[in-house]
There are 2 protein chains.
Amino acid sequence: MVNGYTGKILRVDLSKKTSSIEKPEEKLYRKYLGGRNWAAHYLLKENKPKIDAFDPDNHLLFFTSVVTGAPVSGACRYTAATKSPLTGGFAESEAGGFWGPELKFAGYDGIIIQGRAAEPVYLFLHDDQIEFKSAEHLWGRTTKEVLSTIRKENKDEKIRVVQIGPAGEKLIRYANVVNELTHFNGRTGIGAVMGSKNLRAIAVRGKAKLQFSDQETITGLARYFNEKFKSNDGMLFHRDLGTTKAVAPLQSLGLLPTRNFQFSTCDGAEKITGEVIKETIRVREHSCWACSVRCKKNVGIDGEIKVDPDYGCPEYETLGAFGPLCGITDLTVISKANELCNKYGMDTISTGATIAFIMECYERGLVDKEFLDGHDASFGNSDTLLALVESIAERKGVGDLLAEGSLRAARKIGKGAAKYTVQVKGQEAPLHEPRGKWGQGLSFSISPTGADHLVVAHDQVFEQEGEPLEEIKPLGIYETLVSTDLSPSKVRKLVYLQFAWSLYNVLDMCIFVGVPENTMFTFNDLVKLVSATTGWNVSLFELLKAAERSITMARAFNVREGFSSKDDTLPPRFFEPVGSGPFKGQKIPEDLLKQAVQLYYSILGWDTQGVPTAAKLIELDIEWVGTGK
Amino acid sequence: MVNGYTGKILRVDLSKKTSSIEKPEEKLYRKYLGGRNWAAHYLLKENKPKIDAFDPDNHLLFFTSVVTGAPVSGACRYTAATKSPLTGGFAESEAGGFWGPELKFAGYDGIIIQGRAAEPVYLFLHDDQIEFKSAEHLWGRTTKEVLSTIRKENKDEKIRVVQIGPAGEKLIRYANVVNELTHFNGRTGIGAVMGSKNLRAIAVRGKAKLQFSDQETITGLARYFNEKFKSNDGMLFHRDLGTTKAVAPLQSLGLLPTRNFQFSTCDGAEKITGEVIKETIRVREHSCWACSVRCKKNVGIDGEIKVDPDYGCPEYETLGAFGPLCGITDLTVISKANELCNKYGMDTISTGATIAFIMECYERGLVDKEFLDGHDASFGNSDTLLALVESIAERKGVGDLLAEGSLRAARKIGKGAAKYTVQVKGQEAPLHEPRGKWGQGLSFSISPTGADHLVVAHDQVFEQEGEPLEEIKPLGIYETLVSTDLSPSKVRKLVYLQFAWSLYNVLDMCIFVGVPENTMFTFNDLVKLVSATTGWNVSLFELLKAAERSITMARAFNVREGFSSKDDTLPPRFFEPVGSGPFKGQKIPEDLLKQAVQLYYSILGWDTQGVPTAAKLIELDIEWVGTGK
């Protein structure tokens, strides 16, 4: 381990049960840095164009970065990627926890998985060994059972496991990848691809101590972070409540998606806030690897409905998806739905949003009780919610349809149901209301993974009026962003913010410790961190170019899979007026969005269909993308 | 003085003899930073399109940056700019010395000069006063006389003066601007514009002490520089010989332009090296403001030909232009030609190159002795060289024609003489042989000021094979540059290097202390310096975007003045084979250059004619350029 990376990438062929090691040269590590860049690089180089997501040759990738495993808050994440069974495009999702660092302790920067095992297996990486172990006995079992079984049968409680749940086995198109029961590569259905490969889990035990180039600076950054943390209200609030902190402010801002985005305020939201969770059902807290924030919480309920605290606490997105989006404000029900998803390995956003979609279809009379196996799917019906979550996980009855995601379900239903799906490129929107922050609308439209707030995310924080945050000025943004604006000047700012946010996914850094809104690690601190782990005298120019590289490679992948500008838009819902709250009556102007998308392309160096130009590929030093090799 | 700038820009109307103060807001200072950016900004905003360079309304600008006057080596420069009487396009030239810091001590970041004085004047800025003083008694006098007269008549030996010489008064199209007799805004004929305004000089006396945001870091950087300096062979060599160091290596590399670029090695070059100068005619050394390098030298000769040491020492470019380019290897003659140019205020490169051009015309029989007022203009004729320098400065006989520059002279001569001019956009090439470093060829082609090695310069240093310099890696350049290459991948590297080099002109920093080849101030040190002077938490991303902004604004200016892609090429000479040395037979492939220029445009976000696209203007936050206001 030198320069922030082990230098080894593990390649596994599940069909042949073989493995090999690849050693990219140093300049490739510097050019790609990690996570999303490696993912896009290997998918473009190795995946067959237009391959079916469930084809054994669809590659499944796990990657860390050159900072993963450095003992500072936030440097604990890893990227999972593949071709998405949900969108048909670039699938990528990051997760925290412990598995990413553990992979590096075991001596690997990433894993490339190809082929399909003849029968269920799991991989066990330890002591330079790569074991293909039977997972017959794990198949169909909950994530918790599998985690403990793997540890038990290998006699090592320190083993870290990424796995799918039964939902992944059953190819639920939004099945996720789970580690430690509370950390998820949640979006784009990567778990289903893992399931299609008969790969239930990758267990890792690493014993190497990572040596970084400048340990002293890393220690200094960790100390600096901890000091700053003590007096940072934003971060202390985040420690206190985690992402559940968002419910109350979004409700009062009028940005809390409700009843399948028909409304953006929810009566009773005060019953499901982070504050209430803390006071009522929270039983403990936990953390990701080496992070002093400890934003992760656990809730436990021992009543008629029981909720197992080992499955964590619903995050903001989950509270939103099973709560207001479905018209529900019962914490017990939401917590149970969360537990079920985590137990079965399903993305809570897509699960909740697909159910919210069918609820709207039901209320509008497009589907009836019979279609819904006898359920009354009115908004607010908690029993139906929980029943549908179970049905989906088991692909039972209507669950089999809903397991395909809202867009595929709508097409089956017909009768214009598609107009009630709130998705982009087939992926359901996260719990962010773009009509109150238009930049988010652009972000959803052009995200390579469909509606995904972490791809071009910029929060309402950046969109408030007044003085711009000091922390975004190093991006050359000297004026504040106005929420309901999609002018050329706003698009410019969003592009630079996209570069910055993408950098977190390239470095597999947690956004919560680094994003400007928290004013913890500034961009120049990130520069210091990368320099300290690698020994390279990097600059923010270089890092943001790497981020831009990842955006353009992800785009090039989607172009190859058949996406074009027609896919870069929003669902009809966002062109309709919001039904309640401060933004009541507000909608995204469709023409303005179209112009913004075209301008976004131009700024990115893409043509009018969003195809990266030869010049841009050359500029980003990825000329090979244009030629396919 | 806060944040690295005084906050005041002085506007002077010479026609009305009035002045006023403008106070741009902070975010404009952060966006433009200084020098070239302010120049391009004001020329675009205020100059009438297609105005004649000698029209009173052509603005003449002097600007410093947010680091000028910080007591670290290199932060002593300023930019002069206007519309060029030589190229008809963007005129810009930086100079060191003492005047830039002095202007800030006097309370101004820059001066905008418009109009024309009814009779010769000079400006005297001191103690918050702006005096318009008669220059009738200075008109026609040498730069040395004027400098001492101004100091004497204002009873202050500490006054710093920028001035033109008699050449500027006579509108020699490559007249320069001089400060302290040895520092020059040399190129693009800015001195002629100053002359056309009847403005002989701007004398400045400033008494304010600059307060920067973080004095401690600035002191630390100065100390760090001095420490590093002691063990840096490259910089110690530079201190020892200044730019004259270049003669010997360029001769042995085969990159020493000889006889109007017909050859690239010169017999007898060993007689005019920096080493020989040091041993024979050097009498003392001097320095720019607050610089520990002291690269400036003085030569004195007291023989039949006398050379006054107060006019400095010929720099490399001057040695080359009056030496090998004219077939001359006599140090006394070259030193005399240098003294004459500095005394009269003429650019030594254009003067030498125009004479070299006429020498080739003479040898080829396009002009004869009669045309040349009886001179034998064979290459190597020292008497003719010195006589022609005098004639040009006085616009006497053939000098009147040569004072127009080589291209205008060639057009007058006719007979295909233009093919022997070695110029781009009318500005004569500096002493760098692009056929041995093709990147320099691209650089000459697309420079907004015509053939100018400091605009997109990247030296042969970057073009050697082997491991790339550590210092250019933060630009995302991980592979070395090969000299005789203009592949897409090379163009990419050149673009990023152009951003970096342009940053020096935006910050008015001396390239010799900062450029990668000297490994003194790295790019991240520049980031620290700007942060320390301003208190802004800047990044290299932000700084390089500012640099890119300056490139695109300069381009937009030229587009408005009528330039298009047809002007972005090289003179015929560079498409012909080199006549001697290691690169004998080598030429720039014209097709490859065309492709490289087009790719350069695309990467810069310009269309096929080199017109910046709307999207690029938006991205660089200079949308106003497209609309004219």
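Trainee: Is Arg395(B) buried, partly exposed or exposed?

Mentor: Arg395(B) is partly exposed, with a relative accessible area of 21%; buried means under 20%, exposed over 50%, and partly exposed in between (1.4 Å probe, protein chains only). Bear in mind that this is a predicted model, where local features need pLDDT of at least 70, side-chain atom pairs count only at pLDDT 80 or more, and totals for chains, interfaces and linings use all residues. Residues are numbered from 1 along each chain as its sequence is written, chains are lettered from A and ligands numbered from 1 in the order in which they are written, and side-chain values use heavy atoms, leaving out hydrogens and water.

Arg395(B) pairs with Asp400(B) in a salt bridge (a side-chain nitrogen of Lys or Arg within 4 Å of a carboxyl oxygen of Asp or Glu), with the closest N and O atoms 2.9 Å apart. Asp400(B) is partly exposed as well, at 35%.

Over in chain A, Glu180(A) and Arg160(A) also form a salt bridge, again with 2.9 Å between the closest N and O atoms. That one links distant parts of the chain, 20 residues apart: Glu180(A) sits in the loop between β10 (177-179) and β11 (183-185), Arg160(A) in strand β9 (residues 160-163), strands being DSSP runs of E, at least two residues, numbered from the N terminus. Here Glu180(A) is buried at 15%, and Arg160(A) is buried at 18%.

By this rule, the count over all chains comes to 98 salt bridges.

Methods. Helices (H or I, at least four residues) and strands (E, at least two) are DSSP runs, numbered from the N terminus.
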